[in-house]
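Student: I'd like to learn how to read aromatic packing in a protein model. Could you walk me through it with an example?

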Amino acid sequence: MNSRRAGFVSASLSCFAALGCASAPPLPDPAALRREVLETERAFAKTMADRDHAAFTTFLAKETVFFSGEKPLRGAEAVAAWWKKHYEAKEAPFSWEPEQVEVLDSGTLALSTGPVRDPAGKVVATFTSIWR
């Protein structure tokens with residue numbers, strides 16, 4: 001009986017030692033991820049200032065959803081088509097810039113939010129983006 005118990009304890013300790021040595025993947029650096037999302041949102045907003053609709057479309061995920069107008073727009077093509085009108089004039093009809101970014105601890109999703117301004121700089125709305 002003692003030899004069985006000793007074998008079980010030994011096997012258990014070996015199992016725990018092996019599990020202890022297996023390291024979990026490191027968590028992403030939250031500050032670095034926030035900076036990345038800030039930079040990405042700013043680059044996205046710059047497409048409006050630069051009047052570059054083609055660049056705007058590069059930020060759209062295939063399954064993107066935008067709340068623009070009366071009903072949600074689903075899919076990159078629908079969003080790109082609806083937003084094209086905002087890129088046609090010489091001057092941008094509005095601008096936006098992130099003020100706050102939050103990232104999940106896992107680093108898999110982020111939210112950015114901030115003011116939307118008219119051409120005179122007056123805040124007219126607040127935007128929210130979800131980034132994967």
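Student: Which residues do ring pairs link into a cluster here?

Tutor: Keep in mind that this is a predicted model. In it, F44, F56, F59, F66, W82, W83, Y87, F94, W96 and W131 are joined into a cluster by ring pairs. Searching the whole structure gives 12 aromatic pairs.

Student: How should I describe a single pair?

Tutor: In general, a pair of aromatic rings is described by the distance of the centres and the angle of the planes. Take F56 and F66: their centres are 6.4 Å apart and the planes make 75 degrees, an edge-to-face pair. F56 belongs to helix 3 (residues 53–57) and F66 to strand 1 (residues 65–66), so this pair ties together parts 10 residues apart in sequence.

Student: Are F56 and F66 buried or exposed?

Tutor: F56 is buried, at a relative accessible area of 0%. F66 is buried too, at 16%, and the cut-off to remember is that buried means under 20%.

Student: What are the distance and angle for W83 and W96?

Tutor: The ring centres of W83 and W96 are 6.4 Å apart with planes at 75 degrees, and planes over 60 degrees apart count as edge-to-face, so that is the label for this pair. The pair links distant parts of the chain, with W83 in helix 4 (residues 76–83) and W96 in strand 3 (residues 95–96), 13 residues apart. W83 and W96 are both buried.

Student: Where does the charged end of K85 sit?

Tutor: Over the ring of W82, at 3.9 Å from the ring centre. W82 is also one of the residues in the ring cluster.

Student: How many residues does the largest nonpolar core have, and which have the most contacts inside it?

Tutor: That core has 21 residues, and those with the most contacts inside it are F44, F56, L60, F66, V79, W83 and W96. Two or more residues each come from helix 2 (30–49), helix 4, strand 4 (100–103), strand 5 (110–117) and strand 6 (123–131). Helix 2 gives the largest share, five residues.

Student: What does F44 contact, beyond its neighbours within four places in sequence?

Tutor: F44 is in contact with F56, F59, L60, F66, W96 and W131.

Student: And what about T47, which residues does it touch on the same terms?

Tutor: T47 lies in helix 2 and is buried, with a relative accessible area of 4%. Setting aside residues up to four places away in sequence, T47 touches D52, A55, F56, F59 and Y87. Among them, F56, F59 and Y87 are members of the ring cluster.

Notes: Residues numbered from 1 in each chain as written. Predicted model: local features only at pLDDT ≥ 70, side-chain atom pairs only at ≥ 80, totals over all residues. Heavy atoms only, no water. Phe/Tyr/Trp six-rings, centres within 6.5 Å; stacked < 30°, edge-to-face > 60°. Helix = DSSP H or I, 4+ residues; strand = E, 2+ residues; numbered from the N terminus. Buried < 20%, exposed > 50% of the residue type's maximum accessible area, 1.4 Å probe, protein only. Lys NZ or Arg CZ within 6 Å of the ring centre and 35° of its normal. Core = buried A, V, L, I, M, F, W, Y, C linked by side-chain atoms within 4.5 Å. Contact = heavy atoms within 4.5 Å.
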